[in-house]
Amino acid sequence: PIATQQFLLKDYPFVLTGIILTSKALVLIETPSSKLCHLFHKELLSSSASQWIDDDTFRLKFFDLLVFQLFQLFHRIWVDENASYMDFNVILSKTMLKMNDILKKEPPSLDT
C-alpha cells in the first residue's frame, strides 16, 4: 500500500545509522586533538574513575555513552527536520556539526 511506502520513506536505516555513528564516535575519541580524546584520558586517569571500574570497562562505557548521545542527536534532528530517506546524508552531516558545536561551547564532562 502507498501509506506503508510513505511511512518507510520517512524512516532512516537504523542499522546503517548505528554503524556510521559508531565509526564517527570512534574517530571522535581517537583523534588526538579532540576534546573527547582529552576527556577520555583525563577521566580514565582520574582517581574516581580508576577506583570503581577497570580500564576496559571504562572504555566501553565511555564509548557506549558517546554512541548513545550521537544516536539521540541524530534522531532528534531527523524528527525536527521531518526528514526522508533521501535526506540521510544531510542529517548525518548536521548531526556531526551539532556535536562539534556542543564540544566547542561546553567543557566536556561525563557528569550528568
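Two exercises with worked solutions follow, both on a predicted model.

**Exercise 1.** Find which side chains meet in a salt bridge, and determine whether each of the two residues is buried or exposed, or in between.

Solution. 
- Step 1. Searching the whole structure gives 1 salt bridge.
- Step 2. The partners are Glu81 and Lys94, with an N to O distance of 3.0 Å. A salt bridge requires the nitrogen to lie within 4 Å of the carboxyl oxygen, and the pair at 3.0 Å meets in one.
- Step 3. Glu81 sits in the loop between helix H5 (55-80) and helix H6 (88-105), and Lys94 belongs to helix H6. The two are 13 residues apart, and the pair links distant parts of the chain.
- Step 4. Partly exposed covers the range between under 20% (buried) and over 50% (exposed). Glu81 has a relative accessible area of 41%, so Glu81 is partly exposed. Lys94 has 33% relative accessibility and therefore also counts as partly exposed.

**Exercise 2.** Describe how helix H2 and H6 cross, and list the residues that make the contact.

Solution. 
- Step 1. Helix H2 spans residues 14-30; its axis and that of H6 come within 12 Å and cross at roughly 30°.
- Step 2. Angles under 35 degrees count as roughly parallel, so H2 and H6 are roughly parallel to each other.
- Step 3. The handedness of the H2 and H6 crossing is right-handed.
- Step 4. H2 contributes Leu16, Thr17, Ile20, Leu21, Lys24 and Leu28 to the contact, and H6 contributes Phe88, Leu92, Met96, Met99 and Asn100.
- Step 5. Sorted by class, the contact of H2 with H6 holds 8 nonpolar, 2 polar and 1 charged residues.

Terms used. Residues numbered from 1 in each chain as written. Predicted model: local features only at pLDDT ≥ 70, side-chain atom pairs only at ≥ 80, totals over all residues. Heavy atoms only, no water. Helix = DSSP H or I, 4+ residues; strand = E, 2+ residues; numbered from the N terminus. Buried < 20%, exposed > 50% of the residue type's maximum accessible area, 1.4 Å probe, protein only. Axes fitted to C-alpha atoms, helices over the stretch in contact; angles between N-to-C directions. Parallel < 35°, antiparallel > 145°, perpendicular 65-115°, else oblique. Left-handed = near helix turned anticlockwise from the far one by under 90°. Contact = heavy atoms within 4.5 Å. Nonpolar A, V, L, I, M, F, W, Y, C, P; charged D, E, K, R; others polar.
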